[in-house]
Amino acid sequence: MITINNLYFKYTGNWLFNNLRLEIKTGNIYGLLGKNGAGKTTLLKIITGQLFPKEGNCKIYDIDSRKRLPDILSKIYFLPEDFHLPDLTPIKYSKVFSPFYPNFSSEDFKKHLSDFEIESGKSLSSMSYGQKKKFLIAFGASTNCEIILLDEPTNGLDIPSKTQFRRLISSIVNNERLIMISTHQVRDMEQLIDPIIIIDNGKIILNESIESITSKISMVLSPEDISAPDIIYKEKVPGGYAIVYEKPGPTLNIDIEILFNTVLANKEKLKSIFNGSSYEIGAKK
Amino acid sequence: MKINNYLTGKRVALLVRKDIYMEKKFIAIISVTITLLIFISSFLSATSRNNPNFHTSFFTFILYTIGIAITSKIFSDMHSLKKNHFWYMLPASDLEKTISKFILSAVIWPIGLLILYSVISLLTGSINRTIFGYSNNPILPISYGIWIRIGNYILIQSLFFYGAALFKRHQLIKMGISILLFTLLLFIIAMIIFRSVVGENPGHFSFHQFYQWGNSYSHSFNMSIDTENLRRVLEIIKRALKIFYLFLMAPIFWILTYLKVRKNEASNGV
């Protein structure tokens with residue numbers, strides 16, 4: 001559905017993306033993880049045609065995202081981290097913007113607003129950041145777009161809203177839809193995102209499903225520090241040590257934060273574990 | 001269902017409607033301000049009784065000044081770091097987005113102003129007649145002169161329309177300076193060309209003479225170059241400039257604006 005081929009991108013100076021290649025398919029909720037400045041938001045903006053690659057391309061349904069065609073844009077909903085909402089009520093907003101989305105469902109919109117406890121008659125500009133974000137999530141889910149890109153969707157959400165968000169995302173994923181969530185709040189996304197893409201210094205350093213990850217590595221919580229040849233990473237956590245082994249383990253036992261730290265601390269080791277299949281090999285420019 | 005990816009009237013109408021909804025407060029403020037301005041100035045003008053065509057002049061003044069100021073800010077949602085996300089993500093083509101902005105600044109603004117001004121000028125006219133026994137001629141929407149002024153506005157507006165897409169900030173000032181510099185450059189080039197044309201007779205021609213010739217070249221100036229030919233050349237240049245102004249300038253700047261919008265990117269980075 002989304003194919004990135006030999007993509008090069010930079011703002012000024014060094015290349016942010018250097019020969020980036022990535023394929024993203026429907027039926028999944030991708031988790032896009034990375035440190036600040038790793039290039040997550042830039043990647044989402046390139047996918048949506050807001051930024052143009054210097055070389056290479058990003059194609060959605062085989063169409064270059066640079067073209068920003070209405071047919072493609074009407075299939076994409078992108079929730080940005082920072083946004084400005086007009087002085088309209090949610091109902092007026094939907095009247096103005098929903099006609100651009102051919103599959104928009106007013107019933108879904110009303111239901112999502114109600115689930116998130118958003119007042120439909122209150123002006124958006126007078127709402128808190130969290131309420132605005134919930135409104136945009138509700139609107140995005142109601143567009144029934146095939147590609148939903150969410151940049152830090154749980155930032156600013158209270159605990160019940162985070163639960164509601166997870167419930168909503170789980171309910172809208174299907175075989176025809178692709179959801180990609182870029183986040184630092186990995187705890188909010190556990191049991192939700194699969195596969196996981198980790199981006200570092202403009203390179204994809206992991207792109208694997210949870211099943212694939214747990215078929216190669218496992219995590220355990222040990223009350224004391226252990227040393228063993230198959231341990232690839234350990235970290236002191238409340239209650240003991242999180243130990244990552246190079247051996248298969250149960251799928252449910254994946255702690256995404258530990259996985260993220262493991263990958264960043266052992267890039268070469270992880271590369272050999274996954275045979276480089278998910279890794280981006282960047283040709284120096 | 002296959003969607004038309006380039007231009008549909010429906011999407012353009014939706015974009016125009018969206019902008020009107022989003023800017024309804026600004027539209028209300030500007031309408032009230034213009035109404036007050038017309039009321040005050042028309043009362044003042046009625047007391048002096050010396051300009052029966054006051055409304056035509058004042059309409060032209062508002063049309064150009066406020067129209068060009070609005071035009072210069074017409075792409076602010078494309079340049080704004082806070083708002084440009086919605087500009088790029090809205091499912092409409094870059095051509096449709098450009099056309100919708102054109103319609104707002106070059107069609108809806110002058111026609112909206114004309115309707116508002118006509119109503120207010122009729123209203124102030126009857127009030128002035130009752131109070132002062134005199135009123136200025138009201139604006140008539142069917143007047144030929146008014147439509148010539150609107151036509152000229154649309155042509156000149158095209159320059160600022162391009163400036164609005166080209167410059168991220170201070171579009172009005174930057175475009176004003178650009179036009180000034182370009183005019184100066186044209187003048188210098190014209191002077192150089194003219195100098196080279198009369199260069200064979202340097203002893204017979206000076207800038208002072210050129211100025212004199214410009215004022216009364218047909219009869220009073222006697223110099224050794226062929227004034228008849230020069231007059232013909234100037235006539236051709238004048239016609240060419242008129243054709244450029246009337247038929248080419250605006251379409252060129254509209255196309256340049258579209259091309260600028262098409263290659264524009266969100267620049268706020270990570």
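Guide: Over all chains, a search of the whole structure finds 18 salt bridges. This is a predicted model, in which local features need pLDDT of at least 70, side-chain atom pairs count only at pLDDT 80 or more, and totals for chains, interfaces and linings use all residues. Residues are numbered from 1 along each chain as its sequence is written, chains are lettered from A and ligands numbered from 1 in the order in which they are written, and side-chain values use heavy atoms, with hydrogens and water left out.

Visitor: Why is the contact of A:D87 with B:K25 called a salt bridge?

Guide: The term requires a side-chain nitrogen of Lys or Arg within 4 Å of a carboxyl oxygen of Asp or Glu. The closest N and O atoms of A:D87 and B:K25 are 2.7 Å apart, so the pair qualifies. The pair crosses between chains, from the loop between strand 6 (76-79) and helix 3 of chain A to helix 2 (residues 24-48) of chain B.

Visitor: What makes B:K25 exposed?

Guide: Exposed means over 50% relative accessible area, buried under 20%, and partly exposed in between (1.4 Å probe, protein chains only). B:K25 has 57% and is therefore exposed, whereas A:D87, at 30%, counts as partly exposed.

Visitor: How do you know whether A:D200 is buried or exposed?

Guide: Its relative accessibility is 5%, so A:D200 counts as buried. A:D200 forms a salt bridge with A:K267, with the closest N and O atoms 2.5 Å apart. These partners lie 67 residues apart, in strand 9 and helix 10 of chain A.

Methods. Helix = DSSP H or I, 4+ residues; strand = E, 2+ residues; numbered from the N terminus.
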